[in-house]
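Grab a pencil and work through these exercises with the model open beside you. Try each task before you read its solution.

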Amino acid sequence: MKRYGVTEFQLDRKDVSALQSIPAQYYDAIVDFCAYEPGDIKLILENIKGVPKLTKKYVFISTVDVYERQVGYIKNENTPISKTRYSGENGEYIYKKICLENELVEICNKKEIEYTIIRPSIIYGPNDYTKRLENFIKMILNGIAIKYPKDTKAKFQLVYVKDVAQATLVACGKTPSHTYNICSKAINYANVMNTLTEIAEIPIILEPINVKQALEEAKEKKVYLPFPVTEEENEIYDGSKAERELGIQYTSLFDGMKKTYNCF
């Protein structure tokens with residue numbers, strides 16, 4: 001199928017025969033943002049015709065969550081990867097991303113293919129399927145009070161979706177193999193609420209509550225808490241390497257949230 005001058009092949013990545021049907025022509029890069037299960041990358045690289053001769057670059061979208069937790073310092077690309085397999089859905093997600101990173105490095109080295117691993121922090125922006133900010137915006141538009149933890153010491157890092165896209169695009173032509181954290185400066189709930197207050201065209205009803213209340217309400221009344229609340233959840237990352245080597249400039253929280261709000 002062709003759209004906007006681009007030829008698209010729509011298929012199931014686990015369908016070997018479908019992968020083998022893709023024409024053996026030159027591809028600038030393989031960009032993989034939907035590898036979630038161990039073996040997903042191996043299937044691609046072993047079944048697309050012409051690899052590695054016709055494709056010399058593989059860009060894999062991973063996550064900053066792969067690093068060791070609670071190391072007590074800002075994590076850069078040299079921070080050790082976690083060796084712990086945590087329980088729960090999120091723990092499995094992280095474990096599988098670690099497996100896929102190892103899989104990527106092993107196969108690409110074997111096939112002499114350059115690779116780049118992109119590790120974003122919390123991605124936000126228009127059409128975010130997690131609805132992190134969308135839920136807040138809905139509450140604003142419907143005149144519903146937003147409860148948020150006022151005394152939390154937890155910080156987190158958002159990154160605007162187009163910053164991740166730009167980093168990925170530049171990484172397609174970047175050699176040799178590299179890994180990049182994609183994340184802007186650390187913020188907290190108050191920063192998010194203050195920014196929403198600045199960009200909204202109507203009054204916002206804010207109801208600051210303490211951390212204990214926030215956690216209790218989240219559990220009992222299903223109040224939405226999309227970002228870390230407790231200090232124990234603090235995991236801070238250094239995204240400056242991408243600025244230096246990929247030349248990206250992180251979108252400010254104000255600009256990114258304004259675009260998200262206006263799009264909604």
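Buried means under 20% relative accessible area, exposed means over 50%, and partly exposed is whatever lies in between (1.4 Å probe, protein chains only). Helices (H or I, at least four residues) and strands (E, at least two) are DSSP runs, numbered from the N terminus. You're looking at a predicted model, where local features need pLDDT of at least 70 and side-chain atom pairs count only at pLDDT 80 or more, while totals for chains, interfaces and linings use all residues. Residues are numbered from 1 along each chain as its sequence is written, and side-chain values use heavy atoms, with hydrogens and water left out.

**Exercise 1.** Find which residues of helix 6 are buried, and work out how they sit around the axis.

Step 1: go along helix 6 (residues 189-199). Tyr189, Val192, Met193, Thr195, Leu196 and Ile199 come out as buried.

Step 2: see what lies over them. The cover includes helix 4 (132-141), strand 7 (146-149), strand 10 (206-209) and helix 9.

**Exercise 2.** Describe how helix 6 packs against helix 9.

Step 1: get the geometry. Axes are lines fitted to C-alpha atoms, for helices over the stretch in contact, and angles run from 0 to 180 degrees between N-to-C directions. For helix 6 and helix 9 (residues 253-263), the angle is about 60° and the axes are 10 Å apart.

Step 2: name the arrangement. Under 35 degrees counts as roughly parallel, over 145 as roughly antiparallel, 65 to 115 as roughly perpendicular, and the rest as oblique. Helix 6 and helix 9 are therefore oblique to each other.

Step 3: list the contact (heavy atoms within 4.5 Å). Helix 6 brings Asn191, Val192, Thr195, Leu196, Glu198 and Ile199, and helix 9 brings Leu253, Phe254, Met257, Lys258 and Tyr261.

**Exercise 3.** Is Lys75 buried or exposed, and what does Lys75 touch?

Step 1: locate Lys75 in the loop between strand 4 (57-61) and helix 3 (88-111).

Step 2: check the relative accessible area of Lys75. The value is 1%, so Lys75 is buried.

Step 3: leave out residues up to four places away in sequence; Lys75 then touches Tyr67, Glu68, Arg69, Gln70, Asn181, Glu235, Ile236, Tyr237 and Asp238.

Step 4: compare chain and space. Lys75 and Gly239 are 164 residues apart along the chain, with 9.0 Å between their C-alpha atoms.

**Exercise 4.** Which values of phi do Gln70 and Asn127 have?

Step 1: Gln70 has phi near 50°, positive although the residue isn't glycine. With 46% relative accessibility, Gln70 is partly exposed.

Step 2: Asn127 also isn't glycine, and its phi is positive, near 65°. At 71% relative accessible area, Asn127 is exposed.

Key
The arc is that of the directions from the helix axis to the C-beta atoms.
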